[in-house]
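Here are my notes on the model you sent over, point by point. Have the structure open while you read.

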Amino acid sequence: MKVAKVGDLVAACAQLSASAGMTDRSVSLAIRSAMLTADPTAKVMATREVFRMWRAGLLEFAFTCPMPDVPARPDAPQLLHPGAMPKRGKGSAHGRLALIHALAHIEFVAIDLALDAAGRFGAEMGRQFVDDWLGVAADEAMHFALLTRRLRTLGCFYGALPAHDGLWDAARDTAYDVAARLAIVPMVLEARGLDVTPGGIEKFARAGDERTARVLQRILDDEIRHVRFGTMHFIDVCKKRGESPPEAWKMLVARHFHGAVKPPFNDSARHQAGLSREFMAGVA
Ligand SMILES: [Fe+2]
Ligand SMILES: [Fe+2]
C-alpha cells in the first residue's frame with residue numbers, strides 16, 4: 001500500500017486551510033493524522049514523522065483539533081474480550097510466539113496512548129510534555145517495529161493471532177483529566193511492564209532466543225523512562241493543584257484501576273522511574 005507521510009498530510013491540510021484563508025501546522029493536527037492511520041506500518045512511519053517534524057520545529061505548539069475518541073484500527077488482529085483469548089501454552093515455541101504477538105499488540109496501542117496524551121493534554125501541560133510524549137510515541141513505534149520484525153523472522157506476523165480488546169479502555173476512562181491519565185497509563189500499566197518484563201527476558205533467554213531477549217531488554221530500559229516521565233508530570237500537576245502526589249495517586253488508582261497493584265515489584269526499575277516507596281505504600 002502507499003504510505004502517506006504525516007508531513008504530506010499536514011502540508012495538504014495546510015494548503016486546504018490556506019486556500020480558506022487559514023494556516024494549520026498545529027501539532028494537534030499531525031498527531032490526529034497519525035492516530036487516524038490504521039495500517040500498522042503506516043502508523044509507525046506517521047508517528048516517527050510527527051516526532052521528527054516536532055523536533056525540527058516544523059509544527060506549531062497549537063491545538064486546533066480534538067483527538068479522536070478511538071484511534072483507527074487495522075482489520076487484523078481480531079480483537080477479543082480478555083476472557084475469550086486462547087491460552088498461550090506456556091513453555092512451548094507457539095506459546096512464546098503468542099507472547100511476542102501479545103507484546104506487539106500492547107506496543108501498537110501504546111503508540112496511540114502516547115500520541116493521545118500529547119495531543120489531548122499538551123495545550124494545558126506545555127511544550128516539555130509534548131516533547132516527552134511524542135518521544136514516547138516514537139519509542140513505542142520502535143518497540144512495535146522490533147517485535148513485529150521478530151514475529152516475521154519466526155514465520156509469523158502481527159495480525160496472525162487474536163489480540164486483547166480493552167487496552168484503550170484506560171484512555172477512554174481517563175480522557176477527562178491529565179492527572180487521571182498519568183496515574184493510570186504510565187504509573188500503573190506501564191509500571192506493571194517493568195515488573196513482568198525481566199521474567200519474559202529470562203524465558204526467551206532460557207529457550208535460546210537471545211534476540212527476543214535483547215529486544216525486551218531494550219524495551220524495559222525505555223519503559224523506565226516512560227514511567228519516569230509519567231511520574232514527573234504527575235507530581236508537577238499535583239503540586240500545581242496543591243495536592244499530595246501519593247494521596248492523589250492512591251485515590252485515582254482506586255477510582256480507575258480495577259485490578260490490583262500488587263507485588264512482586266521490580267523495585268530497582270520502579271525506583272529509577274521515580275515510583276518511590278511513598279507511592280507504593282499507598283496502594284500495595
Ligand atoms: Fe513500549
Ligand atoms: Fe511505554
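1. Which helix is Thr197 found in? Thr197 sits in helix α7 (helices are DSSP runs of H or I of at least four residues, strands are E runs of at least two, both numbered from the N terminus). Before going further: this is a predicted model, where local features need pLDDT of at least 70 and side-chain atom pairs count only at pLDDT 80 or more, while totals for chains, interfaces and linings use all residues. Residues are numbered from 1 along each chain as its sequence is written, with chains lettered from A and ligands numbered from 1 in the order in which they are written.

2. Back to Thr197: with 20 other C-beta atoms within 10 Å, it is buried. (Buried is 20 or more other C-beta atoms within 10 Å of the residue's own, exposed is 12 or fewer, partly exposed is in between; C-beta atoms are placed from the backbone.) Leaving aside neighbours within four places in sequence, Thr197 is in contact with Leu216, Ile219 and Leu220, where contact means backbone-placed C-beta atoms within 7 Å. Thr197 and Pro264 are 67 residues apart along the chain, with 12 Å between their C-alpha atoms.

3. Pro264 deserves a look too. The peptide bond joining Pro263 and Pro264 is cis, omega being about 5°, and Pro264 lies in the loop between α9 and α10 (267-272). There is a cis bond from Ala76 to Pro77 as well, with omega near 0°; Pro77 is in the loop between α3 and β1 (79-80). Most peptide bonds are trans, so I'd start any backbone check with these.

4. How do α4 and α7 pack? Their axes are 12 Å apart, at an angle of about 155° (axes are lines fitted to C-alpha atoms, for helices over the stretch in contact, and angles run from 0 to 180 degrees between N-to-C directions). The two are therefore roughly antiparallel, the label for angles over 145 degrees; under 35 is roughly parallel, 65 to 115 roughly perpendicular and the rest oblique. The contact is made by Arg96, Leu99, Leu113, Ala117, Phe121, Glu124 and Met125 of α4 and Val178, Arg181, Val185, Gly200 and Phe204 of α7.

5. Leu113, in helix α4, is buried, with 25 other C-beta atoms within 10 Å. Not counting residues up to four places away in sequence, Leu113 touches Ala171 and Val185. Leu113 and Pro186 are 73 residues apart in sequence and 9.7 Å apart in space, C-alpha to C-alpha.

6. The axes of α3 (residues 40-55) and α5 (residues 127-153) come within 9 Å and cross at roughly 150°, so this pair is also roughly antiparallel. Among the α3 residues in the contact are Val44, Phe51 and Trp54, and α5 brings residues including Leu134, Ala137 and Phe144.

7. Last, the largest nonpolar core has 71 residues (a core is a set of buried Ala, Val, Leu, Ile, Met, Phe, Trp, Tyr and Cys residues joined through C-beta atoms within 7 Å). Those touching the most other members include Trp133, Leu134, Ala137 and Met187. Helix α4 gives the most to this core, with 16 residues. Met187 touches Leu182, Val227, Gly230, Thr231, Phe234, Trp249 and Leu275, not counting residues up to four places away in sequence.

How values were computed. Two residues are in contact if their C-beta atoms, placed from the backbone, lie within 7 Å.
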